[in-house]
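Let's take a walk through this protein, starting with a hole inside it. Keep the 3D view open and find each part as we go.

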Amino acid sequence: MNILFDSRDPADKSPFGVLRAGELCRLRIRIPLDCGAYRVILTGVGPDVYFFPDGQEGPYGVFRAETTFSAPGLFFYHFHIWDKNGDYDLFRAGSGTNIGLGDTWQLSVLPADWSVPESFRGAVYYQIFPDRFAKAGDCDLAEKLGPYIVQPFDEFRPVTRDASDFAGGNLRGIEAKLDYLAGLGTEVVYLNPIFYAASNHRYDTADYGRIDPMLGTEADFVSLCGAIHARGMKLVLDGVFSHTGKNSVYFDALGVFGGGAVSKGPESPYYKWYNFIHFPDKYEAWWGIESLPNINETEPSYREYILGEDGIVAKWLRLGADGFRLDVADELPDVFIAELRERVRAVKPEAVVIGEVWEDASSKEAYGQRRRYFTGGELDGVINFPFRKAILAFASGADGGEALRETVLTLAENYPAPALDCTMLILGNHDTERIGTLLPDRNARRTAAFLQFTLPGSPTVYYGDEAGLCGGKDPWNRLPFPWGREDTELQALYRELAALRKAHPALRTGDIRFLSSEDGVLRFARTGGGETVECRVDRATGSFEVRRT
C-alpha cells in the first residue's frame with residue numbers, strides 16, 4: 001500500500017495550484033495504518049507545517065494541516081514522517097498517489113494584489129510580421145538603413161540570409177485588412193517590432209522612439225490604433241529591450257547618426273548602456289552576434305529612457321498601444337521587468353505585459369538565477385511553447401494523449417489561472433517552422449487548431465497559418481500573406497473555432513479536466529463562466545465537437 005497525496009485533488013490540497021500571500025491552504029495526507037505513522041511534517045516552505053491526526057479512512061490514517069504563506073515565493077516541499085518508535089524519514093512523499101522516497105511538489109505563492117487585465121484572459125490573438133502581411137500605397141525609402149533589397153510584395157522570395165530583403169508590408173496595409181481580422185474573430189493584434197531598424201525583422205532597434213519610415217509614420221500608427229479600437233480589438237507591440245542594433249542612434253558603429261552616440265566614448269549619454277570589453281570594438285553582444293550589442297538594463301539612464309514617466313513605454317501606450325510582448329524575457333533583469341509592468345499599469349491600467357519564455361515560466365532558471373515572473377508579480381503571461389510541443393506531438397501521433405494531459409495539468413497547477421489564460425498559445429511564429437509544414441496531414445492540422453482554441457490560454461494565430469501558408473525555418477516561415485490565393489476551407493475552420501470560443505465562456509477562462517484518450521480520440525471538459533462544456537477531437541479524421549453538459 002502507498003502513502004496517498006495528490007496535489008491536484010482538492011481533497012488533498014485546497015485551493016488547487018498557486019496560492020496568494022496570506023491565503024489559507026488546507027492539506028491532507030493518508031498513510032497506511034500498518035506504517036504506524038506518528039508524526040507528519042511538511043518541509044521546504046519556510047517554517048515547518050505540522051499535521052494533526054484526523055481519524056482513519058479504511059486502512060489509512062488521515063493527517064491534516066492548515067497553513068498560510070506571509071510572503072510570495074517559489075517553494076519545493078516534501079513530507080517527513082516518523083513512526084511511533086521515533087524512526088525518522090521512513091517515508092518522504094511526493095506528487096501523485098504513488099508516493100516514493102524523495103518525491104517533492106512545487107508551490108508558487110503570489111503577491112496578494114497580483115492581477116491581470118480581464119479583457120486579455122483567453123483572448124484570440126493574431127500575430128503579424130509587419131513587412132509580410134499587407135501593403136497599401138508606397139513605402140518611404142528615403143531614410144532606409146542599408147544595404148537593402150525591396151521586391152514586389154506578391155512576388156517576394158527570400159534572397160539574402162542577413163534579413164536585408166523586404167516585401168514592403170506597412171501599417172496602412174494592416175489597417176486596410178482589419179475587417180478581415182475582425183471576421184476571423186481576432187481580439188488582439190500582436191505586431192513584431194515596428195520601430196526604426198535596419199533588418200526586415202526589426203529586432204535590431206535603431207530608434208525606439210520612431211516608427212520605421214518604411215512601415216509608415218507616427219500618424220499612421222495612431223490611425224491604426226484607432227481603427228483597431230473602433231472594432232473592439234487591442235494592439236500589443238513587441239518590446240526589444242535587451243539589445244539594440246549597432247547601427248542605431250545609441251551605438252552608431254557605422255557613424256550614420258552622429259550626435260551623442262557611443263562612438264564618442266565615455267562622454268556619450270549612451271556609453272554606460274553597453275558593456276565594453278575593449279572600447280570601441282569589443283563588447284558584449286546578444287548571443288555573440290556582433291550586430292546586436294547587449295544593453296545594461298540596470299543603468300539608470302537607460303531605465304529612465306525606457307521606463308520613465310515620459311519614456312518609450314509610456315509614449316507608445318499613450319499613442320494607442322495596449323501592451324507589450326517582451327522579447328527574450330529571460331535576458332531582462334527581474335527588477336527591469338517589474339518596473340516596466342509598473343509603468344505600463346500606471347499609464348494604462350488595462351494594458352498587458354507578456355514575456356517570451358520557452359519553458360515552464362513558473363520555475364525557470366536563467367543565467368544562474370531562479371526567475372520571479374509570477375512570484376514577483378512581473379508578468380501577466382508568457383508564450384506557451386510547452387503546450388505547442390504537446391499539441392504537435394498529439395496531432396502527429398507521436399503521443400497518445402498522456403503527455404499532452406500531463407503538460408496541460410502541470411502548467412495549470414504551476415501557473416496562476418489568470419496567467420495561464422493570458423499565455424499566448426501558439427502553433428507557430430516567426431521563430432518556428434510553419435504549422436502547415438510541420439503537420440502536412442490536413443486532419444492533423446485541424447486537430448492542432450482545435451486544441452489551440454479549446455485548451456487554456458490565448459490562441460495566437462501566426463499570420464497566414466489560417467490561409468494555408470507553409471514554410472520551413474527562417475526565412476521561409478516569413479513569406480508574404482497569400483492574398484487572393486488563400487485556403488478558404490482553412491479560413492472557415494478558424495472562423496468556426498473562434499466563434500465556438502466566443503459562444504462558450506468556459507473555453508475562455510474555465511478550468512480543465514481530462515476525461516479520456518483512446519485510439520487518438522481525446523476528450524476533456526472545461527468549466528467556467530456558469531457552464532461546463534465537453535470537448536472531443538479525433539485526430540484520425542480531424543473531426544471535433546464542443547457541447548454543453
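Predicted model: local features only at pLDDT ≥ 70, side-chain atom pairs only at ≥ 80, totals over all residues.

## The biggest hole

The largest cavity is lined by V124, Y125, Y126, L184, G185, T186, F453, V461, E466, Y494 and A498. Two elements, β10 (125-128) and α13 (488-503), each give two or more residues to that lining. (Helices, H or I of at least four residues, and strands, E of at least two, are DSSP runs numbered from the N terminus.) Its volume is about 70 Å³, and the count comes to 4 cavities of 30 Å³ or more.

What's a cavity here? Grid points are joined across faces, edges and corners, and the volume is the space filled by probe spheres set on them.

Residues are numbered from 1 along each chain as its sequence is written, and side-chain values use heavy atoms, with hydrogens and water left out.

## The greasy middle

In soluble globular proteins, nonpolar side chains tend to be buried together. A nonpolar core is a set of buried Ala, Val, Leu, Ile, Met, Phe, Trp, Tyr and Cys residues joined through side-chain atoms within 4.5 Å; buried means under 20% relative accessible area, exposed over 50%, partly exposed in between (1.4 Å probe, protein chains only).

The largest core here has 133 residues, and Y126, F133, F221, L237, F241, L451 and L455 have the most contacts inside it. Helix α8 (residues 385-396) gives the most to this core, with 7 residues. Apart from it lies another core of 24 residues, including F5 and F79.

## A four-strand sheet

Next, look for an open sheet of 4 strands, in the order β26-β27-β28-β29, with antiparallel pairing. Strands pair if DSSP finds at least two bridges between them. β26 (511-518) and β29 (543-548) sit at the edges with a single partner strand each, so one side of each has no neighbour in the sheet.

## A tucked-away asparagine

Where is N294? N294 lies in the loop between β18 (282-283) and α5 (300-307), and is buried, with a relative accessible area of 16%. Among the residues that N294 touches are H243, W273 and Y274 (contact means heavy atoms within 4.5 Å).

Definitions and conventions. 1 Å grid on protein atoms, 1.4 Å probe; cavity = no way out; pocket = protein on both sides within 12 Å on 5 of 7 lines; lining within 4 Å. Lists of a residue's contacts leave out its neighbours within four places in sequence.
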